[in-house]
Amino acid sequence: MEKGMEQLIAVSQLFGKNPLYVIAGGGNTSYKTEDKLWIKASGSALATIDEDGFVCLSREGLAKISTKSYPEDSSAREEAVKNDLNASILYPKEKRPSVETSLHEIIDYAYVVHTHPTLVNALMCAVDAQGKCEEIFGTDALFVEYTDPGYVLFKKVYDLIEAYKAEKGACPKVIFLENHGVFVAADTTDEIEAVYADINEKLGALVKEELPQFEAEDITDENVQKLAADFPLDGAIVKLFSSDLISHYVVTPQSFYTVDTAFTPDGIVYCKAKYPYVNSINEVLPAADAFNAQHGFPPKAIALKGKGLVVAEDNDKSVNTVLEVYTDMLKIAFYAENFGGSKPMTEEQIAFIDNWEVENYRRKIAKS
Ligand SMILES: [Zn+2]
């Protein structure tokens, strides 16, 4: 095994196992040599990843994506880029590289660890994320305004990195992505750990009010269980969860409004972006039916006034994932108060993610 791979696996597991950084198996890591790049395969979880969880790609193949011109039409373009990405795979051919592979390729350091940390995202999903980010981290960190994921985001980051290099003579080691997360890169994994620790320390120092207790308790009773039979989802499992953090938001429709949305693409992938608010258990099924009729899919979560969060999915693993991702969203909203308040994604940005084939692929994998 390539020496750098041992380091990559170690740093991937380290971050993957830390709930401060990795939520619901998100994030990805890479290592590159002169001519090859290893990146987490779609569907692998960083916490338990080993050599088999990575895909090795040709950097020459990847470099072509940076300079080639692609169709204007977005779905034709994404398809062509995806084909070029897949054509760059050296081994194993059947694994799919992360959709963020091209971003890893253009960062001139051996190791890249990309995560969606809650505290970072509280800043990235704040009203004036860019201004606050510069205030806290100065101009050495690169800030990238929200852009639909895929080739357009890649191009934007590429151009910004080129401009940064022209000005500062080196590639940035920290790249913040608005409403998304952070890329940290360095030639050693020790440095990556140190940079993340520094980010955490700086942001942590600005938190004025600690999070309410957020470990959700399953308070599903008979009345909640009975909802499953008529819930508009085949084989539905319906559970009710409570925590102080959930209680903080399910007080009134107004208090819930802040979190009846999506802050990041990952949030949408697992939880979608809209959630009914109901006053009693009896209102859950009618609200789920009405939601289903309006959106064409049942709600993943429903706010139950004063009680908690009703979560519905077709298997236990997905129920837990929705709870985990939704709880992360609540934390982001809560922490964002320290950075001027939260700023959700727009309707257009949300619709783009909903239609994104690549993410659908990941959603399927995540369920299996
Ligand atoms: Zn990401």
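## Ala45 and how to read this model

Ala45 sits in the loop between β2 and β3, where helices (H or I, at least four residues) and strands (E, at least two) are DSSP runs numbered from the N terminus. With a relative accessibility of 32%, Ala45 counts as partly exposed; the scale here is buried under 20% relative accessible area, exposed over 50%, and partly exposed in between, using a 1.4 Å probe and protein chains only. Go 100 residues along the chain from Ala45 and you reach Glu145, with 27 Å between the two C-alpha atoms.

This is a predicted model, in which local features need pLDDT of at least 70 and side-chain atom pairs count only at pLDDT 80 or more, while totals for chains, interfaces and linings use all residues. Residues are numbered from 1 along each chain as its sequence is written, and side-chain values use heavy atoms, with hydrogens and water left out.

## Two domains

The chain is divided into domain 1 (3-204) and domain 2 (217-367), with bounds that come from an automatic or database domain assignment. Taken over C-alpha atoms, the centres of domain 1 and domain 2 are 27 Å apart. Across the boundary, 29 residues of domain 1 are in contact with 29 residues of domain 2, contact meaning heavy atoms within 4.5 Å.

## The second largest pocket

What lies between the domains? The second largest pocket does, because domain 1 and domain 2 both give residues to its lining. Its volume is about 500 Å³. For pockets and cavities, a 1 Å grid is laid over the protein atoms alone: a cavity is a set of points where a 1.4 Å probe fits but cannot get out, a pocket is an open set with protein on both sides within 12 Å along at least five of seven lines, and lining residues have an atom within 4 Å of a point. Grid points are joined across faces, edges and corners, and a volume is the space filled by probe spheres set on the points.

The lining of this pocket has 24 residues, and Pro19, Leu20, Thr118, Phe214 and Lys331 lie nearest its centre. Elements giving two or more residues to that lining are α5 (118-124), α8 (189-204) and α15 (316-336). The largest share, seven residues, comes from α15. By class, the lining splits into eleven nonpolar, seven polar and six charged residues; here Ala, Val, Leu, Ile, Met, Phe, Trp, Tyr, Cys and Pro count as nonpolar, Asp, Glu, Lys and Arg as charged, and the others, Gly among them, as polar.

## The largest cavity

By the cavity rule, there are three cavities of 30 Å³ or more. The largest cavity holds about 130 Å³ of space. It is lined by 14 residues, with Thr264, Asp266, Gly267, Val325 and Asp328 the closest to its centre. Both α13 (265-271) and α15 give two or more residues to the lining, and α15 has the largest share at four residues.

The lining of the largest cavity is made of seven nonpolar, five polar and two charged residues. Domain 1 and domain 2 each supply at least three residues to this lining.

## Two helices with a buried face

Helix α2 (residues 59-67) has Arg59, Gly61, Leu62, Ile65 and Ser66 as its buried residues. Seen down the axis of α2, they fall within an arc of 160°, so they line one face of the helix; the arc is that of the directions from the helix axis to the C-beta atoms. The face turned away from this buried side carries the exposed residues Glu60, Lys64 and Thr67. The buried residues of α2 pack against β1 (28-32), β2 (36-40), β3 (54-58), α3 (74-87), α4 (101-105) and α7 (151-168).

In helix α6 (residues 129-137), the buried residues are Ala129, Cys133, Ile136 and Phe137. Down the axis of α6 these fall within an arc of 75°, so they line one face of the helix. Their packing partners are α5, β6 (142-144), β7 (174-177) and α8. After α6 comes Gly138, with a positive phi near 70°.

## Backbone spots to check

Tyr91 and Pro92 are joined by a cis peptide bond, with omega about -15°. Pro92 is in the loop between β4 (89-91) and α4.

Asn179 is not a glycine, yet its phi is positive, about 50°. Asn179 is in the loop between β7 and β8 (181-186) and counts as buried at 2% relative accessibility. Lys272, also a residue other than glycine, has a positive phi near 65°. Lys272 is in the loop between α13 and β11 (277-278) and counts as buried at 11% relative accessibility.
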